[in-house]
Amino acid sequence: MRLTIDRLPVLIVGLLFLVCLPVAEWAVGQPSVGAAGPFLKVWRVYDHDAAVRLVAAIVVGVLVALVLPLGRGLTPSEITERTREPVELLMPVWIGLGLVIIVMNALAKGRYLFYATAYLMTTGPHAVVVASSALSPLLPMLSGMIGRRHRALSALFLVVSCAFMFGSGTRVLCGLVILHLLGRVLGGRPVPWWGWLAGIAFALLALPVPLHNRGQAKHGITPYTGATIDLLTGPDYLSSVWISFAENIAFIVPLVIYCTSVRWISLDQLLVEVNPLPSGVTGWPQIADSMRVHDYIPFSAVGEWGSLWGIAGVIGSVVVFGLLTRLCLLSLGRCTNATMPVALAAGIALGIIAAVQFCEYNTRMTMRIQEFLVVLAVVERIARPSIDALQARLAGRRGAAAGGRGPRLPRSGAHRSSTLRTS
């Protein structure tokens with residue numbers, strides 16, 4: 001089995017649970033973990049045998065989704081080779097897309113990016129807020145893609161992306177460096193192994209920052225800056241990294257156990273969650289409060305399906321998630337025109353976010369991200385013939401223009417005779 005890019009989101013699901021299981025085993029014995037707040041009742045239901053059984057089922061689902069033959073995918077090295085020329089060809093498009101994402105985030109957050117009295121306050125229309133949230137991880141990837149030609153603009157995109165994520169208190173901030181490195185690969189620049197290790201180290205060290213900032217009385221860049229400085233310079237920062245990982249990442253294991261023990265989840269409720277129509281049409285507001293552990297803790301998607309159908313539901317949900325994500329990324333990777341890098345970049349970003357959502361959030365939140373991924377893949381596939389034809393016409397015009405300016409070629413007869421004399 002080749003480690004292709006379409007398998008990356010599926011691998012993330014399996015690795016997250018495999019890493020989090022021993023951390024959860026350690027954390028459940030610590031009096032400080034979940035000692036206060038809404039997390040306590042989730043940690044209380046933790047059971048070793050149930051944890052091992054459910055994580056094993058998730059790993060089985062991951063393996064099935066990984067090994068099923070859906071077509072030849074692209075390895076990172078193949079992507080680097082294939083995307084270098086298209087990225088160079090349509091550089092203005094990638095820069096323009098990055099500027100559009102910046103404008104959308106600015107419209108969504110407005111003045112609340114710098115100061116807000118409540119978490120997640122926004123000023124823009126709901127559609128803009130949702131779209132900007134889904135597209136924001138693409139900005140650090142675009143910064144990596146354009147860095148070969150425009151280093152200053154690449155750095156600007158990365159700094160602005162960091163500012164939006166920091167001011168929003170989102171945990172996506174932890175993946176900023178990894179997303180940037182993925183953009184470098186899509187831009188045709190290989191990343192050494194130590195670069196990926198640096199990205200993982202940044203993710204772990206940055207994890208306490210958004211979690212700490214969410215607990216502040218005031219929100220936004222201005223109050224978060226002082227709170228972050230206090231956190232980083234405090235004597236307990238390094239220990240907070242481990243505790244934050246245990247309480248917020250390893251928390252996915254006891255959350256799955258808790259959700260599988262909830263017996264009121266029905267198929268009708270899950271069908272409401274997977275319905276792509278607006279929430280007011282599907283009836284989601286009527287069941288939203290019952291599909292959460294707490295206001296701050298939504299159910300786990302894989303746990304919801306485990307509650308309904310047990311181990312079969314856990315395995316089946318992982319397989320369906322993995323196959324749907326892989327099919328979309330495989331389709332985007334088969335594009336051969338110059339739009340492939342940005343389409344694949346957006347697909348990878350959405351696939352990674354969907355993988356994390358699948359582990360930590362409910363089915364509805366996971367499906368919102370996967371719906372963006374499906375729409376992206378479908379629109380790209382429909383538009384592909386037209387874009388291929390347009391690119392061929394542009395290439396033909398450039399070739400004709402270059403031929404008109406070049407030196408006159410010898411007539412065919414003279415060319416044949418000179419060839420015969422040479423031979």
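A: Start with burial: buried means under 20% relative accessible area, exposed over 50%, and partly exposed in between (1.4 Å probe, protein chains only). At 12% relative accessibility, E360 counts as buried. This is a predicted model: local features need pLDDT of at least 70, side-chain atom pairs count only at pLDDT 80 or more, and totals for chains, interfaces and linings use all residues. Residues are numbered from 1 along each chain as its sequence is written, and side-chain values use heavy atoms, leaving out hydrogens and water.

Q: Which residue forms a salt bridge with E360?
A: Side chains of opposite charge can pair when their charged atoms come close. A salt bridge is a side-chain nitrogen of Lys or Arg within 4 Å of a carboxyl oxygen of Asp or Glu. Here R171 pairs with E360, with the closest N and O atoms 3.1 Å apart. R171 lies in the loop between α8 (151-168) and α9 (176-186) and E360 in helix α19, so the pair ties together parts 189 residues apart in sequence. Helices (H or I, at least four residues) and strands (E, at least two) are DSSP runs, numbered from the N terminus.

Q: How many salt bridges does the structure hold?
A: The structure holds six. One of them joins the side chains of D6 and R326 (2.7 Å, N to O). D6 sits in the segment before α1 and R326 in helix α18, so this pair links parts 320 residues apart in sequence. D6 is buried, at 1% relative accessibility. R326 is buried too, at 0%.

Q: Which residues have the most contacts inside the largest nonpolar core?
A: In soluble globular proteins, nonpolar side chains tend to be buried together. A nonpolar core is a set of buried Ala, Val, Leu, Ile, Met, Phe, Trp, Tyr and Cys residues joined through side-chain atoms within 4.5 Å. The largest one here has 113 residues, and V13, F17, M141, V253 and I348 have the most contacts inside it. Helix α19 (residues 340-360) gives the largest share, 15 residues.

Q: What does S307 contact, leaving aside neighbours within four places in sequence?
A: Contact means heavy atoms within 4.5 Å. S307 is in contact with C259, T260, V262, R263 and I265, those neighbours aside. S307 is found in helix α18 (residues 301-333). Is S307 buried or exposed? S307 is buried, with a relative accessible area of 8%.
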